[in-house]
Amino acid sequence: MNRSQIHGAGLGLKRELIPQIQSPHHQTLISNIQFVEIAPENWIDAGSKASKQLDWFAARYPIVCHGLCLSLGGISPLNTDFLQQVKQFLSRYEIDIYTEHLSYCTDAYQGKQGYLYDLLPIPFTEEAVHYVAQRIRQTQDLLGRRIGIENASYYAAAPISEMSELAFLNAVLSEADCLLHLDINNIYVNSVNFNFDPQAFLRGIPQERIIYSHIAGHYQQSPDLLIDTHGANVIDPVWALLKDAYDLFGVFPTLLERDNNIPALNILMQEVDKIADLQRQAIPRSSKANTNTRTPLLI
Amino acid sequence: MNDALLSFQQYQLAFTARIRDAHGQPVPVGVAPERMAVYDEIVFNNLLESVSACFPVARKTIGKATWLKLVQAFLKDHSADTPLFRKIPEEFLAFLRQTKLTLPSYLEALCHYEWIELYLSALPPLENPVADAQGDLAHCALVFTQAMQLLSYDYAVHKISPRHKPKRVEPTYLLVHRDVNDKIKFIELNPMTFKLITLLKSGELTAEQALTMLADELKHPQPQIIMQFGLGVLLDLQSQGIILGTTS
């Protein structure tokens, strides 16, 4: 299996789902799963049972890693010990793709790392662009590969921001020369939370950097506040946005994230199947964009 | 504010200071309070969930209100230095050792006991050393599984529940191990068995030597009873995969 290439639809791997996915009775049901995603923070040094499970998946599917705690925008020094662990982990399971959030989750200063274990919003400033891009480059140098960064959902606008989220994202992508892990649901969530046009956001992203995308459900706390829970079904406007993205850029790999209120596998698969359907109906990416559609993964 | 920091970092520090202490720190200037509240809530709830999942007995025993205050103090005061979610409970234990809060005296032991299960589950697949399963348990050095812990506590931690809070110190000895099916199991030991296993694990004595020593210490009138009892325990431990055999 050529593990450097993913395509089609994927599913975020949750421990609750593993026995169902491994069941021989479900192999037809899950035929549209073409890759799976894990968070290294949940699987590094996770014990013998976990490593047996990962071996099972690694033999059958390309695995991609989507990190949560690297804290690219954090005030604390980049945790290079952790990155070395990630590097070994990627090598152990032959994982080529590693992505992280454009956010931060640490706040300790002068010495210790202080983890808060959640994704916090970086203010959109020039200084922050340079700071984050430098840390992405440092990460890429250490891992010997390009990483992808995900447009993160957020809820509180920083009064010191100097630019839009899109301008910030694009500036970081360009300065770090990294890949984009496009989260369709996050575009929608943020467009409601901060009242912008999600289609315009989509049109403004550098499509040649997309490595793969996420789709997920969210929770509506009030008409103008959506919380990115990954705990509900994907809503129609988000499906429509994914379709728009395929129409604009051609098809790219897309993965369903479901982290809470996880339904039975057959219910969950309806959404994975829907991704696959949309991909079949859309134009392949290679015939859509002219050149440079495949960004080399290794530096 | 610290001048060495970039302005976006100063903002981030004010933002996280507020999250860590939502009751004591102000919302950073210019941030919408109802949006700040989202972060106050999700960061705390996320941490509460991680910690509570590892310590269900401790949480129920000290009661919901005290538990919430404890996790609030954990968020406010502790500087966690691991990015691995699985290790959050370990950070919580470190916090319990350092906190100046007044807490039930048994709480630290109880939490440690609850955490051991998680710790042993998360050990990587162990390559157990070579052992002779047919070897003579009485006269050869013994080989133990690596996925085990011998524990001694001042309280009968395995009996604690909301209806059974320890009223006094009660020295307690436990052996915890991970079996071949990756299940975590606990065995309560008497003080003599605890001492026997501790001696044998060090690898310096054979079972016969260790049991003779223990019989001497006890000034037992019939040392052969101790010998028989001890060897019976070892056979039992072997049948459970805790003793793998003897050094060959």
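The radius of gyration is taken over C-alpha atoms, and the globule rule used for comparison is 2.2 Å times the number of residues to the power 0.38. By that rule a compact globule of 248 residues would have a radius of gyration near 18 Å, whereas chain B has 24 Å. The structure is a predicted model, in which local features need pLDDT of at least 70 and side-chain atom pairs count only at pLDDT 80 or more, while totals for chains, interfaces and linings use all residues. Residues are numbered from 1 along each chain as its sequence is written, and chains are lettered from A and ligands numbered from 1 in the order in which they are written.

The C-alpha trace of chain B spans about 80 × 40 × 30 Å along its principal axes. Chain B is divided into domain 1 (7-103) and domain 2 (142-246), with bounds that come from an automatic or database domain assignment. The C-alpha centres of these two domains of chain B lie 38 Å apart. Chain B holds nine helices and five strands, where helices (H or I, at least four residues) and strands (E, at least two) are DSSP runs numbered from the N terminus. Read from the N terminus, the order of elements in chain B is α-α-α-α-α-α-β-β-β-β-α-α-α-β.

A residue is termed buried if 20 or more other C-beta atoms lie within 10 Å of its own, exposed if 12 or fewer, and partly exposed in between, with C-beta atoms placed from the backbone. In chain B, 30% of the 248 residues count as buried. Two residues are in contact if their C-beta atoms, placed from the backbone, lie within 7 Å. Among contacts in chain B between residues at least 6 apart in sequence, 59% join residues at least 24 apart.

The contact between the chains takes 37 residues from chain A and 37 residues from chain B. On the side of chain A that touches chain B, two or more residues each come from α2 (40-43), α3 (48-58), β6 (115-120) and α5 (126-143) of chain A. The most is given by β6(A), with five residues. The residues on this side of chain A divide into 22 nonpolar, eight polar and seven charged; Ala, Val, Leu, Ile, Met, Phe, Trp, Tyr, Cys and Pro count as nonpolar, Asp, Glu, Lys and Arg as charged, and the others, Gly among them, as polar.

Strand β6 of chain A contains A:L119. A:L119 counts as buried because it has 23 C-beta neighbours inside 10 Å. Not counting residues up to four places away in sequence, A:L119 touches A:H101, A:S103, A:C105 and A:A152. A:L119 and A:H101 are 18 residues apart in sequence and 7.7 Å apart in space, C-alpha to C-alpha.

In chain A, eight strands close into a barrel in the order β1-β2-β3-β4-β7-β8-β9-β12, with parallel pairing; two strands pair if DSSP finds at least two bridges between them. Strands β1 (residues 9-12) and β12 (residues 254-257) of chain A pair in the parallel sense over three bridges. In this pair A:A9 stands opposite A:T254 in β12(A).

Helix α7 (residues 184-193) of chain A is mostly covered, with nine of its ten residues buried. The buried residues of α7(A) pack against α6 (165-176), β8 (179-183), α8 (198-203), β9 (210-216), β11 (225-227) and α9 (236-249) of chain A. α7(A) is followed by A:N195, whose phi is positive, near 55°.
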